[in-house]
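Work through these exercises with the sequence and the 3D view side by side. Try each task before you read its solution.

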Amino acid sequence: MDYEQVVELLQKPGLPYVYDHFEEGEAPDPPFLVYLYPGSHNFAADGKVYFKVRQLDVELYTDVKDPVLEERLEQLFDEAGIVYAKTESFLESEKMYEVLYETEV
């Protein structure tokens, strides 16, 4: 899945989204999505990369726990054939929940 396909997928839920972060004071009210490519796990041998594998993190921010929205996102990932690991935390300083979906594309 390339960059354009990821953006196309993230547009489907109709939520505001941004790469890496919103500028100070410009974050919309939750819920919103943030995505980034924090690293890679390329397949390489003999000093050559044979297959590029980028780590993709999609972060869902909500002010209240929203299992229905999470299920919608997970359904989109499933339909796109994206395998993911999910973790959740409450950001006390922001008074928001962060649901992190870690995957590779």
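Two residues are in contact when they have heavy atoms within 4.5 Å. Keep in mind that this is a predicted model.

**Exercise 1. The whole chain**

Task: Find how many helices and strands the chain has, and in which order its elements run.

Solution. 
- Step 1: Count the elements. The secondary structure comes to 2 helices and 7 strands.
- Step 2: The order is α-β-β-β-β-β-α-β-β.
- Step 3: Turn to the contacts between residues at least 6 apart in sequence. Of these, 48% join residues at least 24 apart.
- Step 4: Check burial. The chain has 105 residues, and 34% of them count as buried.

**Exercise 2. Tyrosine rings**

Task: Classify the ring pair of Tyr 3 and Tyr 37 as stacked, tilted or edge-to-face.

Solution. 
- Step 1: Start with the search of the whole structure. It finds 12 aromatic pairs.
- Step 2: Take the geometry of Tyr 3 and Tyr 37. Their centres are 6.4 Å apart, and the angle between the planes is 45°.
- Step 3: Apply the cut-offs. Planes under 30 degrees apart are stacked and those over 60 are edge-to-face, so the pair of Tyr 3 and Tyr 37 is tilted.
- Step 4: Locate the partners. Tyr 3 is in helix α1 (residues 3–11) and Tyr 37 in strand β2 (residues 32–40), 34 residues apart.
- Step 5: Tyr 3 is partly exposed at 38% relative accessibility, whereas Tyr 37 is buried at 17%.
- Step 6: Tyr 17 lies in strand β1 (residues 17–19) and Tyr 35 in β2, so the pair ties together parts 18 residues apart in sequence.
- Step 7: Check their accessibility. Tyr 17 is partly exposed at 27%, and Tyr 35 is buried at 2%.
- Step 8: Assemble the group. Tyr 3, Tyr 17, Tyr 19, Tyr 35 and Tyr 37 form one aromatic cluster.

**Exercise 3. Backbone details in loops**

Task: Find where Asp 20 and Asp 46 lie, and what phi each has.

Solution. 
- Step 1: Go to the loop between β1 and β2. Asp 20 is found there, with a positive phi of about 70° although it is not a glycine.
- Step 2: Stay in that loop for Pro 31. A cis peptide bond joins Pro 30 and Pro 31, with omega about 5°.
- Step 3: Move to the loop between β3 and β4 (48–51). Asp 46 lies there, and its phi is positive, about 55°.
- Step 4: Asp 20 is partly exposed at 36%, whereas Asp 46 is exposed at 78%.

Definitions and conventions. Residues are numbered from 1 along each chain as its sequence is written. This is a predicted model: local features need pLDDT of at least 70, side-chain atom pairs count only at pLDDT 80 or more; totals for chains, interfaces and linings use all residues. Side-chain values use heavy atoms; hydrogens and water are left out. Rings of Phe, Tyr and Trp (its six-membered ring) pair if their centres lie within 6.5 Å; planes under 30 degrees apart count as stacked, over 60 as edge-to-face and the rest as tilted. Helices (H or I, at least four residues) and strands (E, at least two) are DSSP runs, numbered from the N terminus. Buried means under 20% relative accessible area, exposed over 50%, partly exposed in between (1.4 Å probe, protein chains only).
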